[in-house]
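This briefing concerns the structure shown below.

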Amino acid sequence: MCKMKFFSPLDLGFFLASLLNVIYFGSCYRLQASTQYRPVVIIHGVLDNAGTMNTLQTMIQKAHPGTNVTALNLYPDEKSLKPLWPQVKDFGDALIQIMKDAQDGINIICYSQGGVICRGVLSTIPDHNVNTFIALSSPLMGQFGDTNVFKFVPPEFRKEIYKFCYESIGQDHLSVCQYWNDPQHQDLFIEKSIFLAVLNNQTTNVNSTEWKKNFIRIKNLVMISGPDDGVITPWQSSHFAFFDEELNIVEMENQMVYKEDYFGLQTLHKRGALQKCIMSGVEHTHWHSNQTVFDNCIEPWLG
């Protein structure tokens with residue numbers, strides 16, 4: 001005959017304490033697992049290098065301890081002026097190697113010209129696993145105006161830069177010319193541009209469907225800039241807005257590339273994947289070292 005065994009209060013207390021420990025530590029393990037952060041890759045801007053991104057790296061690692069942060073030092077300083085398609089290829093190859101070891105995907109922060117390069121990378125790499133693309137004060141719709149590269153040109157002659165940039169000497173050799181977008185000479189921009197107009201699918205491009213498919217794989221596109229930038233012109237280019245012929249700002253939603261969804265911008269917007277962050281009082285060279293910018297515009301998207 002089977003006899004029933006009764007637990008003493010001490011035995012029962014020990015059992016309950018053990019059960020609570022299992023529940024507690026199991027919860028802690030799940031919490032730790034849930035706060036594992038995706039790797040972050042930083043791509044610098046024109047006449048810049050990975051070393052200038054050190055403050056941004058430190059802020060990321062302080063806010064999200066254990067995050068694997070890589071600032072790619074390809075095409076540093078004057079080498080950043082080289083043509084953009086080779087840069088897209090080389091930065092893309094470096095990203096592919098990092099993505100191979102990141103099953104949950106990566107986040108990328110692309111500063112200034114780096115944002116234009118990242119657009120090219122995201123469009124041309126099939127099956128990439130970039131979760132969030134943060135474009136930090138980047139001329140996403142092009143540049144028309146002041147820039148460090150053309151500081152030597154008197155202001156009254158800057159409207160003539162298209163004559164240099166839309167010839168082979170500019171298009172084939174200088175990165176800035178490849179995203180120089182003159183609103184008063186759009187016919188020449190579309191005809192002569194070998195990078196930005198092609199990337200925008202504003203020209204005949206046999207890869208347009210594939211590039212659009214690749215670009216919209218991202219989960220979030222965070223666009224950061226502000227009216228006191230002082231370099232990106234217009235500063236709204238960082239949000240896919242740009243000048244019209246009369247130099248009035250045309251917002252993103254009224255741009256042809258958006259209305260016709262040439263490369264997936266409208267698709268991302270309708271999906272709720274576009275985020276704008278506008279910060280006043282920040283100059284161009286301070287975006288990647290400003291704690292307020294990081295706390296409000298960058299850190300929330302690095303999960």
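The model discussed here is predicted. In it, the axes of helix H2 (residues 54-63) and helix H12 (residues 291-298) come within 11 Å of each other and cross at roughly 55°. An angle of that size makes H2 oblique to H12.

**Packing of H2 with H12**

- The crossing in which H2 passes H12 is right-handed.
- On the H2 side, the residues in contact are Leu56, Met59, Ile60 and Ala63, and they meet Gln291, Phe294 and Ile298 of H12.
- Sorted by class, the contact of H2 with H12 consists of six nonpolar residues and one polar residue, with no charged residues.

**Packing of H4 with H9**

- Helix H4 (residues 113-124) packs with helix H9 (residues 208-215) at an angle of about 105°, and the two axes are 6 Å apart.
- Angles of 65 to 115 degrees count as roughly perpendicular, and H4 and H9 are therefore roughly perpendicular to each other.
- From H4, Arg119, Leu122, Ser123 and Thr124 take part in the contact, where they meet Glu210, Trp211, Asn214 and Phe215 of H9.
- This contact of H4 with H9 divides into three nonpolar, three polar and two charged residues.

**Ser193 in the loop between H7 and H8**

- Ser193 is located in the loop that lies between helix H7 (186-192) and helix H8 (196-199).
- The relative accessible area of Ser193 is 5%, and because buried means under 20%, Ser193 is buried.
- A polar atom of the Ser193 side chain lies 3.5 Å from the backbone nitrogen of Phe195.
- The Ser193 side chain also reaches the backbone nitrogen of Leu196, at 3.3 Å.
- Leaving aside residues up to four places away in sequence, Ser193 touches Gln171, Gln178, Leu188 and Val198.

**The protein as a whole**

- The protein contains twelve helices and eight strands.
- It has 303 residues, of which 49% count as buried.
- Of the contacts between residues at least 6 apart in sequence, 70% join residues at least 24 apart.

How values were computed: Residues numbered from 1 in each chain as written. Predicted model: local features only at pLDDT ≥ 70, side-chain atom pairs only at ≥ 80, totals over all residues. Heavy atoms only, no water. Axes fitted to C-alpha atoms, helices over the stretch in contact; angles between N-to-C directions. Helix = DSSP H or I, 4+ residues; strand = E, 2+ residues; numbered from the N terminus. Parallel < 35°, antiparallel > 145°, perpendicular 65-115°, else oblique. Left-handed = near helix turned anticlockwise from the far one by under 90°. Contact = heavy atoms within 4.5 Å. Nonpolar A, V, L, I, M, F, W, Y, C, P; charged D, E, K, R; others polar. Buried < 20%, exposed > 50% of the residue type's maximum accessible area, 1.4 Å probe, protein only. Polar contact = N/O pair within 3.5 Å; in protein donor to acceptor, adjacent residues only side chain to side chain.
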